[in-house]
Every structure is written in C-alpha cells, then in structure tokens.
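Please keep the structure open beside you while you read.

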Amino acid sequence: MIMDTQTITVDAQQLQTDFDELASRAETAFNEVQTTAYLAQRLDELGVAYQKFAHMTGLVATLNPGHRFVMGMRADIDALKQVYQGRPQVLHSCGHNAHMAIVLAVAAYFKTHEAELPGTLKLIFQPAEETVTGAEKVIQSGLVPPLDVLYGLHVCPQSELALGQAEALLPDIATRTYWVTITGRTAHAGRPWLGANVIDAFSTLNERFKQLKLATTTPYSITTTMFQAGESSNIVPDRGTFAVDLRARTNESMDQLQDQAFTAMRAVAVDGIDIQVDENDLSPAAIPSKPAVAAMSQAVTTVLGTAGLVAPVPTQGGDDFHFYAYDGLAKESTMLGLGCDLTPGLHVPGMTFDHQALVTGAQIMIEAIKLSGKMPG
Ligand SMILES: [Zn+2]
C-alpha cells in the first residue's frame, strides 16, 4: 500500500525553493503583494491558469476546467509581524509558506497528470488567515464556484503530532470575540444612588458570564479579556468598554453560548445601564465531513502507512478555513493536520520543522484529490 506513493512524484528541491522564496517575501494580512506575484510567476512557469482577486491579494488557480465535479484546495498566504532577534520582522512563523509550497506542488503534479483529476480543481491562495477575515472575502469575491469538496492543511506542533504522523481532520474550535461598550449615568461619588455605575453593572455581568452553563460535555469558555472604565476617583463612571472571548468545540455549542451571553447582557442593561456590541469576530469550528475525512484518511495511510494516521488531537486553535463550509460554499471539507516535528510552536519566531513533511504533505494532498472521485454523493 505504501508503495502506491511511488506513482506520486513531487520535486523536493522545488518545494524547498518555493518555501525559501516565500519565506523571504513574508507579508502580513492583505499586504501579500510580493507573495501573490511569486505565486503568479510560479503558476505561469507551470502553465496553470489563474485569476487574481480584483480588490485584494491572493489568487485562484484552475486545473482541468469545465467539469461538473469541482474540488478545491486552500492555502493561506499571510505571515505575522513579530519582534525577532531584536527587530520587528514579518515571519512565516505559522508555516503558511509550507502550505503554499505544498499547494504549488499539487498544481505542478496535476498539470502533468491531468487525466488523474476526477473533476475540476480550484487552488485557492487565500490572504489574511491570521486576521480571520480572508476566507469570507474570498467567498464574497465570487471567484470560487460551489465546491463538492475542499481540502486545507496546517503544519502541527510536535506536541500534537510527530514527523510521519498526520490527522485527517483538524478539530479546530469555534471562537468568537465581542467588543462591547457599556454606558450608564454619571454622578458625584458621594451620591452614587443618583448615577448608574458601569463598573457595578460590569461586575454583575462578569459574574453571570462565569456562571453560564451549557448542556454539553465538551469544553467551552467565556472569558472577559479587556475592561476599561472611569477616569476620576470621585466620579461615578458612565462609560466603559470590554472585550469578551467565547470558545466552544462545535458551532452548535457556540450558538448556545452566544445566546446565553446576550441574555446576561440584556439582564444587566436596566436602571440606566445600556450595553452596545460594537464589533465581533467569528471563526467557526471544523464541521466534520464523513466523505472528505474518509478520502483524507485513506490518503494519509497510503502515503504514511496505517501507523501514520492519528486520531484528531484536541486543539485550542481556530482557522477561517471553516467559513467555506459554514457559509455553504464547500459541501464537504476537511483540513489535514501534518506532523513535521515542528518546534518550539506555531507563531513562535524561529519556529522550525522537518522539511521531509513538505514532500509527504504534498503527496497526501495529491492523493486526497485523486480519491475524491470515489466519494459518495
Ligand atoms: Zn496558520
């Protein structure tokens, strides 16, 4: 079974070159100009057609166009601004250059093995994953048609997966942040009964948050992460702001958690207190897809052997990849979690991993695409 991979030849040297070139062009969310130019140049060299997004960075490549069955593969392309070795730099410390190099290898493979494609393949090079805003912009762009199946991938820290291991589903959790303004009524501190103190209201609300209970056995949390109010020691404060961070394993649990959070806010918004949600950010949880996970599982065992396929390891991570299924653009989807002996961790400047995983990662993603033709439905 492992021998099957001999039919999937990927260019390890080219993977390394693309990885290095993209590392040297690392750019933050929606600023991936040189990154997009490099991707376009490589696709031109390969003779693969692509379309750039009209009003943002990133692009979508198409192989074997015109088929009813449409598959997708997504690579995130942004990096992080961090202080490293004493100066601010933009670094691919989340490994998105590895994801791009692997998806370029997928493009190269299928350009010369188009007959092995069970349908049309869309390769999405998506900007701004780190700000959890790129996926929705891609969906809104209209450049990606409805997908029968979509695959993504992420390199995983060694604490979760070792080199030679992979999981066919990254069990990303749902995360939601609310930025909120709370207003009351000011008064002299000596006559507090004339005012509506936003700190008192907030502390009541925070206690309610801590007592929220969901009917689920899976972990969830609601945590106040910021609070500011008051400017004077003898005045009842009438304005404050806070941020609250919600996390849950499933999108259903997140819906319940949000309902309860809003019930708590409504309960406190009485007697001169008003509560206004200014902004919010959502990252949906992974939506498990049986056919996509089955194809990815088989791809992993084909490339890494049965011992290489590991059950999903719980994570506290989120990824805007899951918007494609959450918003209904992708019927089935899953993300490969790729073990690569990555240390010391994601988002840590100086992060390194074993580049053998670039080759096996590309082989797994190619194999998953080939197997998609056998998916039920
Ligand atoms: Zn990442």
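1. Let's begin with H347, which sits in the loop between β15 and α9. Helices (H or I, at least four residues) and strands (E, at least two) are DSSP runs, numbered from the N terminus. H347 has a phi near 70°, a positive value in a residue other than glycine. At 36% relative accessibility, H347 is partly exposed; buried means under 20% relative accessible area, exposed over 50%, and partly exposed in between, with a 1.4 Å probe and protein chains only.

2. Before going on, a word on where the values come from: this is a predicted model, in which local features need pLDDT of at least 70 and side-chain atom pairs count only at pLDDT 80 or more, while totals for chains, interfaces and linings use all residues. Residues are numbered from 1 along each chain as its sequence is written, and side-chain values use heavy atoms, with hydrogens and water left out.

3. Please look next at P344, in the loop between β15 (330–342) and α9 (356–371). The peptide bond from T343 to P344 is cis, with omega near -10°. Most peptide bonds are trans, and most residues other than glycine have a negative phi.

4. F30 also deserves a look at its backbone: its phi is near 65°, a positive value in a residue other than glycine. You will find F30 in the loop between α1 (12–24) and α2. F30 is partly exposed, with a relative accessible area of 30%.

5. Is R42 buried or exposed? R42 belongs to helix α2 (residues 33–46) and is buried, at a relative accessible area of 6%. Its side chain makes a polar contact of 2.9 Å with the side chain of D18. A polar contact is a pair of N or O atoms within 3.5 Å; within protein, one must be able to donate a hydrogen and the other to accept it, and residues adjacent in sequence count only if both atoms are side-chain atoms. Not counting residues up to four places away in sequence, R42 touches Q14, D18 and L104, where contact means heavy atoms within 4.5 Å.

6. N97 is part of helix α3 (residues 96–112). It is buried, with a relative accessible area of 2%. Leaving aside neighbours within four places in sequence, N97 is in contact with F19, L22, A23 and H92.

7. Now move to I273, in the loop between α6 (251–268) and β14 (274–283). I273 counts as buried, at 9% relative accessibility. Apart from neighbours within four places in sequence, its contacts include I182, T183, G184 and A196. How far apart are the C-alpha atoms of I273 and V348? They are separated by 42 Å, and the two residues are 75 apart along the chain.

8. An unreviewed UniProt entry carries the annotation "domain: Peptidase M20 dimerisation" for residues 177–269. UniProt positions are given in the numbering used here, feature names are shortened, and annotations may be inferred rather than shown by experiment. Over residues 177–269 the chain is 33% helix and 33% strand, with the end C-alpha atoms 20 Å apart.

9. Of its 377 residues, 52% count as buried. Among contacts between residues at least 6 apart in sequence, 79% join residues at least 24 apart.
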